[in-house]
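Hi,

Here is the structure I promised to pass on to you. Please have a look at it first, and then read my notes below.

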Protein chains: 2
Amino acid sequence: MVLDSRAIAIDVMGADKGPGEVIEGVKHALKQDPGLPLLTLVGIQSEIEPLLKKHAILGHPKLKVIHASDVIGMDEKPTQGIKKKDSSMMRCLDLIKSEECAAMVSCGNTGSLMAGATVRLRLIPGLERPALSTVIPSKDHLFILLDVGANPETTSKQLMHNAILGTNHSQIELGIHKPKIGLLTIGTEEGKGTERIQEAHKYLKSLGTTINYTGLIEGFHVFEKDVDIVVCDGFVGNILIKTCESLFHMLKELFKEELTANPVRKLGAVLSMQAFKAIKHKFNPDRYSAAPLLGVNGIVLKAHGSSNSTGIMNAIFSAQKMLNQNMNKHILLAIAEANEIIKGGAA
Amino acid sequence: MVLDSRAIAIDVMGADKGPGEVIEGVKHALKQDPGLPLLTLVGIQSEIEPLLKKHAILGHPKLKVIHASDVIGMDEKPTQGIKKKDSSMMRCLDLIKSEECAAMVSCGNTGSLMAGATVRLRLIPGLERPALSTVIPSKDHLFILLDVGANPETTSKQLMHNAILGTNHSQIELGIHKPKIGLLTIGTEEGKGTERIQEAHKYLKSLGTTINYTGLIEGFHVFEKDVDIVVCDGFVGNILIKTCESLFHMLKELFKEELTANPVRKLGAVLSMQAFKAIKHKFNPDRYSAAPLLGVNGIVLKAHGSSNSTGIMNAIFSAQKMLNQNMNKHILLAIAEANEIIKGGAA
């Protein structure tokens, strides 16, 4: 057995499209990047091996299979999920805990992954809560929104931590050196919004040039190219991202209906098809990395449940980037520094 | 002077498009509905009268002009705004307070209107906070979202009140007899989300058939035809509606760019133009009524700052419906009943 401290565990089970799609994603990743670390495939061995054979990657030197007999269902509660010790997801977390792997990718149950990772891996010292971070496409840029659900009741200090976590995510995933941060609220005048937001605003300003905080933003600014990171609590972020998906989906259906309403419109739609394809491509979730659960000891990536093989491949590459660039070490140092500054400011 | 206890005060100042657009909206309303109550136009008399003359409605028996020398600016803080006692907006509120009018329509500064109405008119007994409610178009239906910003930190009891306020708004504005209510949260399994949401969920269930509560909903469901009313706190609702506007605006720009990228696409866009127009029309804010500030003593409608004359006319008609159908009396009774039920349940 090759021991590779940078190995990435892949939860093969729990994806909507089945283990076949995950294995295909692994194959694409291996093909595209010979520099990948060891990939540890975790799941039901009797299902995985025939798929590896089918894709002619059985026995590939960069692959290892670890059997896990159980699978966490998409609708299982986090409290039930984390009890399934021999599930592929919990076994992946254990591999990080035992340092056999440094990162994991899973398409499975988000609640169980968040709860399992927090309990089993614990938090990076200095942090109080993890945050789930996600890359969102806009017209001419990508931005990061966090927290989208790990921590629904986020204190002002935790909002400040989210800004730091998002900065590190943005630097590595989007390659932005000094990402511009906006704190999401309702009305940008000083003194508006809630006390919690006002305090977080104060904390963020007190961090000075250690981060690139640009101030309070409203919902109107979310899809404008003003900021690279939108910071909010997990309640607002989760509702926001899901509502945007819901709006987007509704508009898609509406366009389909209106553009096929008569032959002239249909012809018009055919001629302008490439425009619709370009827009659809821009918002294709498989183009963007999986959502990292930031703040835990280890790299934990939640890929979309409905990921295709490209989505899986991109998630593996994201994990690799986060490992290669030592994301968690940077987070540890940045959080320690920020905590020190606001402690000093309060004293 | 004709005294009409159902008179509607119109804040003529403070609209983005100027007093002319407001007066034009008044003219349209008078033309379309001879059954309108008295409309009291409040603002700078020397600006209003020439406009009335221009539109040949000077001296119209359904119109009255009241001079107010001041205007609240769009960027003024609520605390500053409500100090402008001779502003058109505050004078409109005073007309409701003195019972010369029963309703008002304003396109002006939202914060000042919310603060002014709450302070000057006070709340309907049994209520603790007002809620700003808004009609949102989806693919095949309209739904109501509230609170969109009157009360950013809403308790569980206040969330229950929002459901009742929304029910009354929906019944009158959309004519839905038993509107289906969803409480917005992050994960619909029992026990998920925050304690505040869980408690509100319990309260709403305990109201039984007095309202049509269908349970918790996630962001994914907001634009689906599952519910007629989406209940949330003013922080979430404000961010949500503004972010949706931001997403919608961004997509519009993106379509414009992609559909004009080459001659073939341009031709396609011309042929399918009617589809785009239909979609644009569906989401035209002037089609829907202004947002009522629910829960105050009096009918207070906030029209979009950028309303055109159709928007103003529709806002006047909404105010009329709310008056004719005694909305606030229904709210008073429904809130009293709900408070009694949950008081009984808690005992």
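Which residues does A:Gln45 touch, not counting residues up to four places away in sequence? They are A:Pro50, A:Val65 and A:His67, where contact means heavy atoms within 4.5 Å.

Before I go on, some ground rules. This is a predicted model, in which local features need pLDDT of at least 70 and side-chain atom pairs count only at pLDDT 80 or more, while totals for chains, interfaces and linings use all residues. Residues are numbered from 1 along each chain as its sequence is written, chains are lettered from A and ligands numbered from 1 in the order in which they are written, and side-chain values use heavy atoms, leaving out hydrogens and water.

Back to A:Gln45, which sits in helix H2 (residues 45-54) of chain A. Helices (H or I, at least four residues) and strands (E, at least two) are DSSP runs, numbered from the N terminus. With a relative accessible area of 30%, A:Gln45 is partly exposed; buried means under 20%, exposed over 50% and partly exposed in between, using a 1.4 Å probe and protein chains only. Its C-alpha atom is separated by 8.2 Å from that of A:Ser69, 24 residues apart along the chain.

Next, helix H5 (residues 110-121) of chain A. The 12 residues of H5(A) reach 16 Å from first C-alpha to last, close to the 16 Å expected; the expected span is 1.5 Å times one less than the number of residues. Its buried residues, including A:Leu113, A:Met114 and A:Arg120, pack against helices H3 (78-81) and H4 (88-97) and strands E4 (103-106), E5 (131-137), E10 (291-294) and E11 (299-302) of chain A. At the N-terminal end, A:Asn109 caps H5(A), with a side-chain oxygen 3.2 Å from the backbone nitrogen of A:Gly111. After H5(A) comes A:Arg122, which has a positive phi, near 60°.

In chain B, B:Asn109 lies in the loop between strand E4 (103-106) and helix H5 (110-121). B:Asn109 is buried, at 4% relative accessibility. Its side chain makes polar contacts (pairs of N or O atoms within 3.5 Å; within protein, one must be able to donate a hydrogen and the other to accept it, and residues adjacent in sequence count only if both atoms are side-chain atoms). One goes to the backbone oxygen of B:Gly73 at 2.9 Å, and another to the backbone nitrogen of B:Gly111 at 3.1 Å.

Finally, a place where the two chains meet. Helix H9 (residues 263-271) of chain A and helix H9 (residues 263-271) of chain B pack at an angle of about 155°, with their axes 7 Å apart. That makes H9(A) roughly antiparallel to H9(B). Axes are lines fitted to C-alpha atoms, for helices over the stretch in contact, and angles run from 0 to 180 degrees between N-to-C directions; under 35 degrees counts as roughly parallel, over 145 as roughly antiparallel, 65 to 115 as roughly perpendicular and the rest as oblique. The contact is made by A:Val264, A:Arg265, A:Leu267, A:Gly268 and A:Leu271 of H9(A) and by B:Val264, B:Arg265, B:Leu267, B:Gly268 and B:Leu271 of H9(B).

Enjoy exploring it!

Best wishes
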